Amino acid sequence: MANLETLRKSAELQWADFTSNKKARVMVGAATCGLAAGAGAVIEEFKKQLAEAGIADKVELVETGCIGLCYAEPLVEVRSEGKPSVLYSKVSPSDVAKIVSEHLIGGSPVKAKAEAVMADEEFEGIAPFKNHPMISLQKRIVLRNCGVIDPTSLNHYLARGGYKGLERAIALGSDGIIEDMKLSGIRGRGGAGFPTGVKWSFAKASQNDTKYLICNADEGDPGAFMDRAVLEGDPHSVIEGMIIAGLAIGANYGYIYVRSEYPLAIERLRNAIKQAEDVGILKNKDGFYFEIKIKKGAGAFVCGEETSLMASIEGVRAMPRPKPPFPANSGLFKKPTNINNVETLAAVSSILREGGAEYAKLGTEKSKGTKTFSLAGKISRTGLIEVEIGTPLRDIIEKIGGGCPDGKQFKAVQAGGPSGGCLKAEHLDTPVDYESLMALGAIIGSGGMVVMNEDSCMVEVAKFFLGFTGNESCGKCVPCRMGTQHALAILEKITSGKGELADIERLEKICMTMKQSSLCGLGQTAPNPILSTLQHFKDEYLAHINDKKCPAKVCPDLVIYSIDAEKCTGCTMCARACPTGAAHGDLKKPHSIDTEKCISCSACFQACRFGAVSRD
C-alpha cells in the first residue's frame with residue numbers, strides 16, 4: 001500500500017497554495033447541471049478574457065463539481081488577490097468581461113451577480129455562503145467536497161482528509177471495520193435502508209476465495225441526480241469507500257455499475273481510478289490487492305435491482321431472479337457479492353475517518369446520519385442537498401427549497417422517486433426518516449423529491465409514474481408486467497372522463513397483488529404512487545369519476561377552454577400559439593375558440609397576457 005501520510009503532506013502543501021488568497025482564482029461549476037446551463041461557454045469566455053487582459057498566467061482557472069445550487073447555474077467562484085472568494089450565480093458569457101475587469105483586476109465584486117461570499121464573515125455587503133438559505137440547514141458529509149475541490153485532483157482529496165478512513169480501516173482490520181459500521185447505524189442509501197454493517201457481515205461470513213464488491217451507480221429515478229453529482233464532484237470518496245468495504249468482506253475485485261448516460265461521471269471515475277493505481281492505493285500487490293472496473297449500463301431502470309444489475313455485468317439480459325440464494329452467498333459469477341450504492345460508499349470514507357460513534361450522533365434513534373436529496377419540480381431552489389435524517393419535510397421544502405415559485409401553493413411532494421409516494425401539505429411537519437415516511441405510504445428511496453404545486457393533477461401524477469415503471473418493467477413476472485398495464489389503462493380511463501367508482505376498487509386490488517406477488521422491488525413498489533394518491537388525494541379521483549372534472553384543470557378531456565370577449569384585446573397571441581387553429585379572430589377584435597378543433601393543450605391559456613382565456 002502507498003505511504004498515504006507522505007502523499008498527504010505533499011498534497012496539503014498544494015492545497016494550502018490553492019486556498020491561499022495570495023493568488024487570483026476562478027472556479028467554474030462544471031458538473032452536468034452546470035454544463036447544461038452553459039458553463040462550457042463561460043469557461044471558454046474566461047480563457048479569452050483572461051488572455052486579452054494579459055493575466056491568464058496570474059489567474060488559476062479550475063473546473064469543479066456541483067455545489068448543490070443547481071437553480072443558480074452556471075455558478076462561478078472568483079477570488080482576486082488578497083480578497084475572499086465570491087460565488088456568482090447565473091453567469092453568462094456576456095458577464096465574464098465585467099467580472100474580469102471589475103473583480104479580478106479591480107478587486108471589487110460585481111454585486112448584481114453575487115450569490116454569496118465563500119468566507120465566514122460578510123464581504124462588501126455579500127452574505128457568507130454558510131448563511132445561504134439553501135445551505136444553512138444542511139449537514140454536508142457525503143457532499144463535503146462537491147464544488148469545493150478539483151475532482152480531477154487526488155491531492156485535493158488527500159488534503160481534505162481523503163484516504164484517512166482507509167488508513168484507520170487497515171488498522172482496525174476486517175472485524176473492526178464491520179463493528180464500526182454497525183456502530184454508525186448507517187442504513188443503505190439506495191432505497192431499501194438495510195443496515196450496512198450487517199450486510200457486510202453476511203458477505204464476510206461466506207467462505208470463498210473470490211468475492212466481489214459492486215457500487216450501484218445506476219441512478220434511474222426521474223428527478224434524481226445525487227449519485228451523478230458525487231461521482232462528478234468527488235469520485236475518490238466512492239473509491240475509498242469501496243476499498244474499505246473490500247477490506248471488510250474480503251473482496252479483491254470491485255465493479256462500479258454506472259449508467260452510460262453519465263459520460264462525465266465515467267470520465268472522472270476513470271481518472272480517479274488511474275490516479276489511485278499510479279500511487280499504489282489500488283492494485284497494490286504489496287499487501288491488500290483491490291481492483292476496480294467500470295461497467296456501463298444501458299439505462300434500464302430495472303438494473304437498479306441487485307440481481308438484474310449482476311446479470312447485466314455478466315453479459316446476459318438484465319432480469320431479476322428469485323432469492324435465495326442471496327448475493328452474499330451466490331452473487332456475481334455465482335461468487336459471494338456485496339452491493340452498495342454510491343451515497344453509502346461515499347459516506348463510508350467519512351465514517352471510518354471520524355469513527356462510527358461520531359456518525360451515530362446524527363439522525364434519529366432508528367435512522368442515523370445524513371441523507372442527500374435532489375429537489376426538483378415546482379420549487380424555487382432546485383438542487384442537491386444533504387440534511388440530517390429526521391429533518392422536517394417543511395424545512396426541506398420551504399426553508400431550503402424556498403417553497404413553490406410564482407405565488408403558487410404547495411400541493412404535494414413525491415418522495416422516493418417513481419417507487420415512492422405522494423404526501424400533501426398536512427404532512428409537512430413529518431420528520432424525514434425511514435419509518436415516518438413509510439407510515440404515510442412514501443419512502444426515502446434513493447432521495448428524489450419532486451415538488452408539485454396547485455396546478456398538478458394527482459391522478460395524472462400517478463399515471464405518469466406508473467407509465468414510467470410500466471415501460472421499465474423487464475416483463476419477467478406476471479404481476480408486474482400485467483399489473484402495470486391494467487392499472488395504467490384504468491388511470492387513463494379515469495383521466496379521460498370515462499371512469500366509474502368500481503375502478504377505484506379495481507386499482508386497489510391490482511396494486512396489492514403487485515406488492516405481494518412481484519418478483520423484485522420494481523414491481524413491489526410500482527403501485528406506491530397510486531396507493532398514496534388514493535390515500536391522500538382520493539377527492540381528486542372522485543371528482544374525475546363523479547363530476548367528470550379535473551380540479552387542477554390538467555386532464556385535456558375534462559377541460560374546456562373559452563375566451564372572455566370583454567377581457568380579450570384581440571392581440572392574436574392565442575391564435576398564434578394554437579397548433580390546430582381552434583383559437584381565432586381578427587386583430588384588435590375579441591377572439592373565440594372552436595371546441596371542435598380544440599385539443600386542450602393549454603397553449604392559448606399560457607400565451608394570453610390579459611387573463612381572457614379561461615379553463616372550465
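## Terms and model

A residue is called buried under 20% relative accessible area, exposed over 50%, and partly exposed in between, using a 1.4 Å probe and protein chains only. The structure is a predicted model, in which local features need pLDDT of at least 70 and side-chain atom pairs count only at pLDDT 80 or more, while totals for chains, interfaces and linings use all residues. Residues are numbered from 1 along each chain as its sequence is written, and side-chain values use heavy atoms, without hydrogens and water.

## Salt bridges within helices

Side chains of opposite charge can pair when their charged atoms come close. A salt bridge here is a side-chain nitrogen of Lys or Arg within 4 Å of a carboxyl oxygen of Asp or Glu. By this rule there are 31 salt bridges.

One of them joins Glu-398 and Arg-394, at 3.2 Å from N to O. These two residues are four residues apart in helix H14 (residues 393-400), so about one helical turn separates them; helices (H or I, at least four residues) and strands (E, at least two) are DSSP runs, numbered from the N terminus. Glu-398 is partly exposed at 38% relative accessibility, and Arg-394 is partly exposed at 27%.

Another salt bridge links Lys-463 with Glu-460, whose closest N and O atoms are 3.3 Å apart. Both lie in helix H16 (residues 458-472), three residues apart, or about one helical turn. Lys-463 is buried, with a relative accessible area of 17%, whereas Glu-460 is partly exposed at 26%.

## A salt-bridge network

Salt bridges also link Lys-493, Glu-500, Asp-503 and Arg-506 in a network.
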